[in-house]
Amino acid sequence: MKDLISFGEVMIRLSPPGYQRIEQADSFEAHVGGTELNVAIGAARLGLTAEYITRLPKNSLGYMVRNRIREQGVDCSRILWSDSDRLGLYFVEEGSNPRGGDLIYDRAYSALSRIDPDSLHWPELLMGYRHFHCTGITPALSPDTAQATREAMAAAKDAGMTVSFDVNYRAKLWTEDEARRCLEPLMEYVDILFSSVGELRQIFGIEKGNLEETASAAANRYNIGVVALMRSEKHSVRRISWRAVAFHAGTLFEDIPIEVEIVDRIGGGDAFAAGFLYAYLRKDQDVAAALQYGNATAALKYTHRGDFSWSTLDEVEGLIEGKGGLAMKR
């Protein structure tokens, strides 16, 4: 039995070097990324067997994406190809105190947003896997991707798989009301919900006094087995304390905050999901262990350039054991 399969869009991210503003730039660093892909790659690097389902243009940009997925050990043999559609782009301008960063999407009419849901035969695609992961970004792209996400989640539950879902609300893609109308019906399929307190308030109207009450309210309202809430305390643009908690079976699991100096802030939440799912699937659904692995993987991701987590299992477990390194390895 293979471990994890996920579904979503892949884009190329373009960033000006050296903290330049986009309007200053005469060159850009290129990175492949996409939130669901980031999870699959992070989980694969820790040791899970993973596959990614998406739709790409049949051109050099699409081949670049495919090659990056292959390089990280994620199966991409069943991705769909388009002869005419485009690959989405996004531009990231990195900030430095006191200037914040910026992000610009250029993803309209992308290959995935124009997918025919009938081209995805989910019972066949999911066969042989035990877990499915998706997020709230993909349904925001088009009615077709919303339908495909819903059908994938329903098929996964019919197949007896566990399903995780990261809310990942993006205000640049849709309104809170649009997100609520689309995402709330999907909660019936979810076993593990990744979110922030702010997203639970914005999208689902859940606002309680503390973390335990908030997570408990979400779990009870939608009958979700595990609710993991991610949060960070910002000290400056490039320094945070990363922390997440998880609620399961009436118990709130907590872990110590981890101080992080940020090299690249994109993908931290995805890395948390990857580490969490690795331990959840490999350690008999041990939520306390999953929280530790998720927090450590997220903290380490912030030290890597690009969208992917490049951490190894040894590094993650070393950080959990208090062996985070400050000295150069020799």
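**View 1. Helix 1 is mostly covered.** Eleven of the twelve residues in this helix are buried, where buried means under 20% relative accessible area with a 1.4 Å probe, protein chains only. The buried residues are T35, E36, L37, N38, V39, A40, I41, G42, A43, A44 and L46. Helices here are DSSP runs of H or I with at least four residues, and strands are E runs of at least two, numbered from the N terminus. This is a predicted model: local features need pLDDT of at least 70, side-chain atom pairs count only at pLDDT 80 or more, and totals for chains, interfaces and linings use all residues. Residues are numbered from 1 along each chain as its sequence is written, and side-chain values use heavy atoms, leaving out hydrogens and water.

**View 2. Length and end of helix 1 (residues 35-46).** At 1.5 Å a residue, its twelve residues should span 16 Å. The expected span is 1.5 Å times one less than the number of residues. The end C-alpha atoms lie 17 Å apart, which agrees. G47 follows helix 1 and has a positive phi, near 130 degrees.

**View 3. T145 in helix 4 (residues 143-158).** T145 has 0% relative accessibility, so it counts as buried. Beyond its neighbours within four places in sequence, T145 is in contact with L112, S113, I115, T138 and P139. Contact means heavy atoms within 4.5 Å. S113 is 32 residues from T145 in sequence, yet their C-alpha atoms are 6.0 Å apart.

**View 4. Helix 8 (residues 268-282) is largely enclosed by the rest of the structure.** Of its 15 residues, 13 are buried. The 15 residues should span 21 Å at 1.5 Å a residue. The end C-alpha atoms of helix 8 are 21 Å apart, which agrees. Just after helix 8, D284 takes a positive phi of about 55 degrees.

**View 5. The protein as the setting for these close-ups.** Its secondary structure comes to ten helices and 15 strands. The radius of gyration is 19 Å, close to the 20 Å that the globule rule gives for 330 residues, so the protein is as compact as a globular protein of that length. The radius is taken over C-alpha atoms, and the rule is 2.2 Å times the number of residues to the power 0.38. Along its principal axes the C-alpha trace spans about 50 × 50 × 40 Å. Of the 330 residues, 56% count as buried. Residues 24 or more positions apart account for 68% of the contacts with a separation of 6 or more.

How values were computed
Buried means under 20% relative accessible area, exposed over 50%, partly exposed in between (1.4 Å probe, protein chains only).
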